Every structure is written in C-alpha cells, then in structure tokens.
Amino acid sequence: MDMNNVPQEGNKTLGGHKKAVYAKDADGHIVAVASKGWEVEEIVTSQAVAEMMALTETARQNVLNGLSAPLEYWMYARRMDLLLLAQTTGLWRWRIRRHCRPAIFARLPYGLLARYAEALGLTLQELQHLP
Amino acid sequence: MTFAHHRHAAHCESGVISNLISHHGMPVSEAMAFGLSAALSFAYLPFIKLSGLPLIAYRQPPRAIIKGLAKALAAEFRFETFRTPAAGQARLDELLTQGQVVGLQTSVYWLPYFPEDMRFHFNAHNLLVYGKEGDDYLISDPVAEHPVRCNAEALSRARFSKGLLAPKGLLYTMVKLGPSIITPYAARKAILKTCRIMRAPIPIIGVRGIKMLANKVAQLDPTARRSSLFVGHIIRMQEEIGTGGAGFRFLYAAFLQEAAELSGMAVLTGFSERLMVIGDGWREFALTTARMVKGRDAMSPTKLAGMLRNLAEQEEVFFRELKMAMT
C-alpha cells in the first residue's frame, strides 16, 4: 500500500482517534501513517457493536415482560456473554443461567449479588433494576 | 511531565516494547521489535471462543513479542503479578516514585479513554505508565496518537479483569539492556523462526491454518445471519484491532525492509516488496468481505474462501523462498 492510499475516511467507531497503518512513502520506505479510519473497519466494528446492542435490547424486553432478571440485561450491557461472566465471577454457567430467572434472582443472597455487582462494575442498587 | 519516547504504533505490544527499550537508550523501531521477536503468524483456534466466535490471530500469543525481543537483544525484563488490586497499585506507585517507566497488561473494556465502540473484553492490551498526577496515571498507550490519562480506579479494574488471558495485574519493567546492537544473526534467526511457524505441519497454524479457515468459510450458509458475523469477525481480527493493516503483513514488510540494511541481508528488499503485494491482497479480501457484510454485494462464502486459499498459496511460496534465501 502506498502512503496516499492510506484510507482517511473518518470512522465514527474510532471516536476521533487515529490509528497507525504501515504504508510506503514516496521514497519506498515503509513507515507508520496515522489513519483516520477505513470504512471496512467501521462496517465490521459497527456490526459487532450492533450485535451486542441487539442482545442487550432483547434482554431488556425479556426483563420488562417478566421472563428474565436484570442480571441478564446487565451482562449484555457490559458486552459480556455467559462464558465471560462465568469466568469473571467464578460461578458455573448453569448457576448464572438459573440466576437469570426473575423469581430466583429476587431472592439471591447478598454475597452472590455483590459478586455480580463487582464483576459488572455496578452498585447493588443498579444491578437489581433496569437503567 | 512528559514522556519523550511516546511513538504512535500499530500494535500495542510491539509499540510498548519498542518505546520502553528506546526509553532505556536503544532506539528500536516498532517493526524491528515485531520482526525480531518472530511475532508474525496465523492461527485459527476454534476451541477458544470470543463472544461465541473462534479466535483468529494473525500473530503469536500475547507476551511473545516481549519475550522474543528480550531473547534477541539479550535484554532482561522483570514481570510481576499480584493477588490483590491493592498490592498491584501499591507496587506500581512504588516503581513510579523510583522514576521507572512501567509496562502493564490491561483489559481494553475498562479503559475510559478508549473510543466507546472499540471497548470489547480483550484482556491483553499493553500500555506504559510513566507518571502519576493526583489520582490520574499518565499513560503512553502506543495505539493512541498522544499520551493519555486514566484514573486510578479504572486502571486498577482494567489490570485485574478476569476471563481469557486475565492479566492478574501484570506489570513489567526493564532490568537490563544487552549489547544494544541488532546483529544480522539475530535477524536471520527470527526470520527463519517465522518461516517455520508459517509452514508448520499443524492444521490450525500458519498457511495450513489459513487453508482451514478457508474451508470453514466455504461451508457457511450464505443466507444465515451467523455467517455474516463470522466473516465480519475475521476482518476485525485482521484490521480493526491494531495490526498496522493486512493482519500485520505490512508491519512485517517494514521489518524486512529495515533488516535488509544489515550486512549481507540485501536480498530482503525484494521480499519486503513481495509481502507488501500479498498484504494488498489481504486488504482486498477485507474490502470484499465488508461489502458483503454491509449488503452491497451478495454474500458469497465460496468467493471469500477462494480469496483466502489464494492468499494461503501466495504465503506458502513466499515463506518457502524466504527460508531458502536465509539458509
């Protein structure tokens, strides 16, 4: 890639940051060039972000319809999935799945709630409600 | 307080380590750090899942660059991990008071200065801390153009995140610098190692890994939403996460060009040119895929698999000939 072919398309996913891309300058030296972004990156990043947001939104609806506990919402809102939350809290996945049932979440002991709150970077108050 | 050796880099680990070594008095470029540690690779690891998608890496695992470079330059780094965030922060503060520049492994998700859309749970992001002002740490994050700041609480959270590749508060400092020269011998050895990795007889590594990924792509159902996510994920691993373009191929070409100036290595100039061309092929693959993800072109797994196989063929020939030129 030549230096003047380095994309400068101003990705919104970069939030105004620039990233370094290696390209050839006029003398043929390969150097780092600051790029404002490439549409290709924007497309795939937005796709991944949109996927996370869709999961979060589904979880929110489930909570509103009484099918799931706020825990599930917060898990996705923090861009985690079951596996990652299990690794972060040190709980088994089936337990987390069970804790996502509203009736069971409602009578979760303080210790477990605190563990979830810590893992998700929330206060106990926040964890128990939708924002 | 400023840090004189903050240089904008494509990749966090090679950037951090080259800046750290430069700070200790041996100017070394990011590309040289990347190449000398034989960090270029390809791996398709279906048994490690990131949000349900297989891990696809265009380089060696985290910490390979630091360790590889330490070996190539006969330098020494000291690594420390901690049980509690409090201990980790105390030690960091202690080192900073001694005037050290400290490398950290962190999770991208909990770093507040990262753009919102780039914050995913990726645990092996490297950065340098060079000072503290009040409650803020002064950070030289090589993937950011300028030095940044981060408050103590957020940094502590980022250092003690859990999950895959959990950093456990890892910090590292440079203990000793070796003879401070890059020998043709070290470069040759690193290049041969990369050739060996890229042509490894393991189905998920190197050229064979690319072919295996091509086969997986070929099996995708063109109408399923999951397929689009899968190919989009490949491109994110290749371009978005700080690779300097074309899944580190451009960065490695820069290394080959720089290594060609060492005595008796002039032959590398031609290889550098060739790798740039292969890199352009990877960029084209990214562009074609993104158009399909966006729905501008019809999703065609067969076409994408064909492009990947073609790239695998080119790299096979490239690394075979590179090996012959080096032995």
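A: Let's start at B:Tyr58, which counts as buried, with 24 C-beta neighbours inside 10 Å. Here a residue is buried if 20 or more other C-beta atoms lie within 10 Å of its own, exposed if 12 or fewer, and partly exposed in between, with C-beta atoms placed from the backbone. Before going on, please note that this is a predicted model, in which local features need pLDDT of at least 70, side-chain atom pairs count only at pLDDT 80 or more, and totals for chains, interfaces and linings use all residues. Residues are numbered from 1 along each chain as its sequence is written, and chains are lettered from A and ligands numbered from 1 in the order in which they are written.

B:Tyr58 sits in strand 2 of chain B, residues 53–59. Helices (H or I, at least four residues) and strands (E, at least two) are DSSP runs, numbered from the N terminus. Leaving aside residues up to four places away in sequence, B:Tyr58 touches B:Ser41, B:Phe42, B:Met237, B:Gln238, B:Thr243, B:Gly247 and B:Phe248. Touching, or being in contact, means that the C-beta atoms of two residues, placed from the backbone, lie within 7 Å.

As background, most residues other than glycine have a negative phi. B:Ala246, in the loop between helix 8 and helix 9 of chain B, also has a positive phi, near 55 degrees. B:Ala246 is buried, with 28 other C-beta atoms within 10 Å.

The contact of the two chains draws 43 residues from chain B and 33 residues from chain A. On the side of chain B that touches chain A, the elements giving two or more residues are helix 8 (225–240), helix 9 (249–259) and helix 10 (268–294) of chain B. Helix 10 of chain B contributes the most, with nine residues. That side of chain B divides into 19 nonpolar, eleven polar and 13 charged residues. In this count Ala, Val, Leu, Ile, Met, Phe, Trp, Tyr, Cys and Pro are nonpolar, Asp, Glu, Lys and Arg are charged, and the others, Gly among them, are polar.

Helix 10 of chain B has 27 residues and reaches 39 Å from its first C-alpha to its last, close to the 39 Å expected at 1.5 Å a residue. The expected span is 1.5 Å times one less than the number of residues in the helix. Just after helix 10 of chain B comes B:Gly295, with a positive phi of about 90 degrees.

The C-alpha atoms of chain A fill a box of roughly 70 × 30 × 25 Å along the principal axes. Buried residues make up 33% of the 131 residues in chain A.

For one more stop, return to chain B and look at helix 1 (residues 12–23). Ten of its twelve residues are buried, so helix 1 of chain B is largely enclosed by the rest of the structure. Among these buried residues are B:Cys12, B:Val16, B:Ile17 and B:Leu20. Their cover includes helix 2 (30–36), helix 3 (64–72) and strand 5 (125–133) of chain B. After helix 1 of chain B comes B:Gly25, whose phi is positive, near 100 degrees.
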